[in-house]
Amino acid sequence: TALAQPPRLADPRVLTRRVREMVGAGRLLAARPLLAALRAMGAAAGETAEIEGRLLLREGRLAEALSVLDAALADGPAAALHLCRAEARMQADDAAGAAADAAEAVILDRADPQAKAVLGVALIELGRPDEALPCLRSAVAALPERVAYRQALAAAEERCGDPAAAAATLAAAITRAPDQPALRVAAIMLAMRRRDFTTAD
């Protein structure tokens, strides 16, 4: 019988997917040489810059990540680059910059729920929860399994003066992810702020 063929990493699409998986899994040392190989294959500069930006963020090298993303965006807008820079700016406590980048990412790709979620979180940080609500509702509708989106939506609902809606949103998130202690803590803290001591247990 013929030997099984190895994955065709020479295909830039396969290699790009593999590098992204490694970065997402925290396998940063293994990702670096593959990213270099991807560049050598002539992959799109914007895409490799975005991947490098995410890799640098995972390494805790925030200033370098911002520098790479700034340089890439100087060559032209791209939704993925703006989204990555928005996430970097949130890490840098620059909510205004993050909101601007996330808004640009939404304009460039209106179907991206992650961009809408980041924009919503940034707007909450800027004290504009009413503007955050539609962004976060859209993100939750697109990816209902992302409990982080629901937690952010609950925060916006509470800050808009609707703690009952926030409680319902958190309850739905807990139903989907009962093993996430952060959700239960958020629900308990909300109940205490509402002085609902029967729920806060």
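1. Confidence. This is a predicted model, and the mean pLDDT of its protein chain is 92. Of the residues in the chain, 93% reach 70 or more. Residues 1-7 are another matter: the pLDDT over this stretch is below 50, and the stretch has zero contacts in the model beyond near neighbours in sequence. Where pLDDT is low, the predicted coordinates should not be read in detail.

2. Helices α7 and α9. Two packed helices are described by the angle between their axes and the distance between the axes. Helix α7 covers residues 113-125 and helix α9 covers residues 147-159. Their axes come within 10 Å and cross at roughly 35°. The crossing of α7 past α9 is left-handed.

3. Residues at that crossing. On the α7 side, the residues in contact are P113, Q114, A117, V121 and I124. On the α9 side they are Y149, A152, A155, A156 and R159. Sorted by class, the contact has eight nonpolar residues, one polar and one charged.

4. The largest nonpolar core. This core has 24 residues. Which of them touch the most other members? They are L119, A132, L136 and A156. At least two residues of the core come from each of α5 (79-91), α6 (95-108), α7, α8 (129-142) and α9. Helix α7 gives the most, with seven residues.

5. L119 and the second core. Leaving aside residues up to four places away in sequence, L119 touches A99, A102, A103, V106 and C135. There is also a second, separate core of eleven residues. Among its members are A49, A65, L66 and L81.

6. T16. This threonine is found in helix α1, residues 12-24. Is T16 buried or exposed? T16 counts as buried because its relative accessible area is 9%, and the cut-off for buried is under 20%. Beyond residues up to four places away in sequence, T16 touches L38, E47 and I51.

7. T48. Helix α3, residues 45-58, holds T48. With a relative accessible area of 3%, T48 is buried as well. Its contacts, not counting residues up to four places away in sequence, are L35, L38, R39 and A43. L35 and T48 are 13 residues apart along the chain, and their C-alpha atoms are separated by 7.2 Å. L38 is touched by T48 and also by T16.

Methods
Residues are numbered from 1 along each chain as its sequence is written. This is a predicted model: local features need pLDDT of at least 70, side-chain atom pairs count only at pLDDT 80 or more; totals for chains, interfaces and linings use all residues. Side-chain values use heavy atoms; hydrogens and water are left out. pLDDT is the predictor's confidence in each residue, from 0 to 100. Contact means heavy atoms within 4.5 Å. Axes are lines fitted to C-alpha atoms, for helices over the stretch in contact, and angles run from 0 to 180 degrees between N-to-C directions. Helices (H or I, at least four residues) and strands (E, at least two) are DSSP runs, numbered from the N terminus. A crossing is left-handed if the near helix is turned anticlockwise from the far one by less than a right angle, and right-handed if clockwise. Ala, Val, Leu, Ile, Met, Phe, Trp, Tyr, Cys and Pro count as nonpolar, Asp, Glu, Lys and Arg as charged, and the others, Gly among them, as polar. A nonpolar core is a set of buried Ala, Val, Leu, Ile, Met, Phe, Trp, Tyr and Cys residues joined through side-chain atoms within 4.5 Å. Buried means under 20% relative accessible area, exposed over 50%, partly exposed in between (1.4 Å probe, protein chains only).
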